[in-house]
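Me: I would like to go through the charged pairs and one of the helices here, step by step. Please set out the terms as they come up.

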Amino acid sequence: MCRNIKTLHNFEPAATDEEIRAAALQYVRKVSGSTKPSKANEAVFARAVDEIAHVTHHLLAELVTAAPPRDREVEAARAKARAEKRFGQAA
């Protein structure tokens with residue numbers, strides 16, 4: 001579950017609200033141990049995702065780095081190359 005959380009800091013362009021929410025959702029899924037909450041827990045689950053997304057947004061806005069921003073396309077190509085090396089090329 002948690003492997004889908006991507007690094008969001010120091011990219012150009014900055015992380016979108018959708019990316020932040022997706023990371024928050026993956027975090028809540030991992031911590032709660034369920035991908036889809038029961039009806040009794042839906043409200044708590046949704047509130048946790050909202051709160052974590054909110055805090056994550058503030059965290060990303062306040063982090064400071066001297067490193068130049070990373071390029072999303074370059075990082076995606078590197079990840080693809082690592083996956084191909086690890087798992088082999090798809091047929």
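Reply: A salt bridge is taken here as a side-chain nitrogen of Lys or Arg within 4 Å of a carboxyl oxygen of Asp or Glu. This is a predicted model, in which local features need pLDDT of at least 70 and side-chain atom pairs count only at pLDDT 80 or more, while totals for chains, interfaces and linings use all residues. Residues are numbered from 1 along each chain as its sequence is written, and side-chain values use heavy atoms, with hydrogens and water left out.

Me: How many salt bridges does this rule give?

Reply: Side chains of opposite charge can pair when their charged atoms come close. Among the pairs that meet the rule are lysine 39 and glutamate 42, at 3.9 Å from N to O. The count comes to four salt bridges.

Me: Which parts does the salt bridge between glutamate 19 and arginine 72 tie together?

Reply: The side chains of glutamate 19 and arginine 72 meet at 3.1 Å, N to O. Helices (H or I, at least four residues) and strands (E, at least two) are DSSP runs numbered from the N terminus. Because glutamate 19 lies in residues 17-32 and arginine 72 in residues 72-87, the pair ties together parts 53 residues apart in sequence, namely helix H1 and helix H3.

Me: Where on helix H2 do its buried residues fall?

Reply: The buried residues of H2 are Phe45, Val49, Ala53, Thr56 and Leu60. Seen down the axis of H2, they fall within an arc of 70°, where the arc is that of the directions from the helix axis to the C-beta atoms. On the other side of H2, Ala43, Val55, Ala61 and Glu62 are exposed. The buried residues therefore line one face of the helix.

Notes: Buried means under 20% relative accessible area, exposed over 50%, partly exposed in between (1.4 Å probe, protein chains only).
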